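Trainee: Hi! Could you walk me through this structure?
Mentor: Happy to, let's open it up.

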Amino acid sequence: MHRPTAHFDLYTDSGAAAAKLPAGLEKAHGFVRDLLGLPELDRAVPVYCFQNPETLKRFLVREWRWPEGAAARLTAVGNARGIALSYRAPEDSQMVREVVHALFHRVRGKEGGSWMHQGMAVLAGRAWEKGDAAVEFAPNLRTGEFLPLAEFLAIPDLFAHDDASGGAGTSEALFAQAGAFYAFLSRGPRAAKWKEVLPSFARTPVEPAGRAAALEAALGVTLADLEKEWVEWGGKAGN
């Protein structure tokens with residue numbers, strides 16, 4: 001079934017998604033644009049929504065040429081090509097996170113690093129659920145339970161990264177850290193500068209090992225001082 005909307009081209013094999021997801025997508029679009037200050041799209045985003053997660057996996061492997069192992073771990077993905085997901089609910093926060101990825105890739109760019117893209121997605125997903133990524137991570141900053149920025153920024157893919165020993169290096173913890181750090185950049189003392197440099201930052205390719213230096217150059221501050229500012233600002237979030 002094809003259900004076009006103002007900003008999306010929805011294709012789905014789910015009757016529930018065909019009936020309810022168009023309105024959810026449009027609501028998410030407005031929310032994400034307002035939250036992240038994104039410009040308008042120049043064309044509709046394709047959305048492929050499947051009733052069965054197994055069908056989504058086959059689609060990712062056959063049409064988007066994803067490796068089977070990577071496709072099997074996902075229930076949703078968003079990028080410049082569009083959004084592919086298995087249907088859960090018309091206003092599901094995971095759908096919102098993929099809308100973030102798809103919109104940002106299209107109107108800003110795909111560069112900057114996994115920490116940045118996942119950070120803004122977590123920020124938006126928690127805000128959609130009436131939560132606050134910075135407030136929720138504040139206890140970690142107060143107790144030092146986070147990955148130092150020099151190590152954190154260099155991780156190629158937060159989703160694929162994990163630490164079997166647990167702690168701050170697990171994928172779940174890294175996503176939470178990304179959301180909190182992005183909240184600091186977008187709302188903290190360097191928010192005006194971040195807003196200014198973000199468009200070029202998102203378009204400039206940088207290897208993972210060089211992302212810390214790129215962020216230092218963009219913001220005009222050493223990484224050590226930036227981390228201190230984040231810990232001070234973020235540790236007080238919600239108080």
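Mentor: We'll look at one residue and then at some salt bridges.

Trainee: Before we start, what kind of model is this?
Mentor: This is a predicted model, where local features need pLDDT of at least 70 and side-chain atom pairs count only at pLDDT 80 or more, while totals for chains, interfaces and linings use all residues. Residues are numbered from 1 along each chain as its sequence is written, and side-chain values use heavy atoms, with hydrogens and water left out.

Trainee: Okay, where is Q177?
Mentor: Q177 sits in helix α8, which covers residues 171–187. Helices here are DSSP runs of H or I with at least four residues, numbered from the N terminus.

Trainee: Is Q177 buried or exposed?
Mentor: Q177 is buried, with a relative accessible area of 0%. Buried means under 20% relative accessible area, exposed means over 50%, and partly exposed is in between, using a 1.4 Å probe and protein chains only.

Trainee: And which residues is Q177 in contact with?
Mentor: Leaving aside neighbours within four places in sequence, Q177 is in contact with F137, F146, L147, L149, F152 and W230. Contact means heavy atoms within 4.5 Å.

Trainee: What does the side chain of Q177 reach?
Mentor: The backbone oxygen of L147, at 2.8 Å.

Trainee: Switching topic: how many salt bridges are there?
Mentor: The count comes to 11. For a salt bridge, a side-chain nitrogen of Lys or Arg has to be within 4 Å of a carboxyl oxygen of Asp or Glu.

Trainee: Which residue does D132 meet in a salt bridge?
Mentor: D132 pairs with R187, at 3.2 Å from N to O. D132 lies in the loop between α5 (114–128) and α6 (133–143) and R187 in helix α8, so this pair ties together parts that are 55 residues apart in sequence.

Trainee: How accessible are those two?
Mentor: D132 is partly exposed at 24% relative accessible area, and R187 is also partly exposed, at 41%.

Trainee: What about R190, which partner does it meet?
Mentor: R190 forms a salt bridge with E229, at 2.8 Å from N to O. This pair links distant parts of the chain, 39 residues apart: R190 is in the loop between α8 and α9 (191–201), and E229 is in helix α11 (residues 223–235). R190 is partly exposed, with a relative accessible area of 21%, and E229 is partly exposed with 21%.

Trainee: And which residue does E232 meet?
Mentor: E232 meets K236 in a salt bridge, 3.8 Å from N to O. E232 is exposed, with a relative accessible area of 52%.

Trainee: Which residues are joined into one network?
Mentor: R126, E129 and E136, through salt bridges that share partners.

Definitions and conventions. Helix = DSSP H or I, 4+ residues; strand = E, 2+ residues; numbered from the N terminus. Polar contact = N/O pair within 3.5 Å; in protein donor to acceptor, adjacent residues only side chain to side chain.
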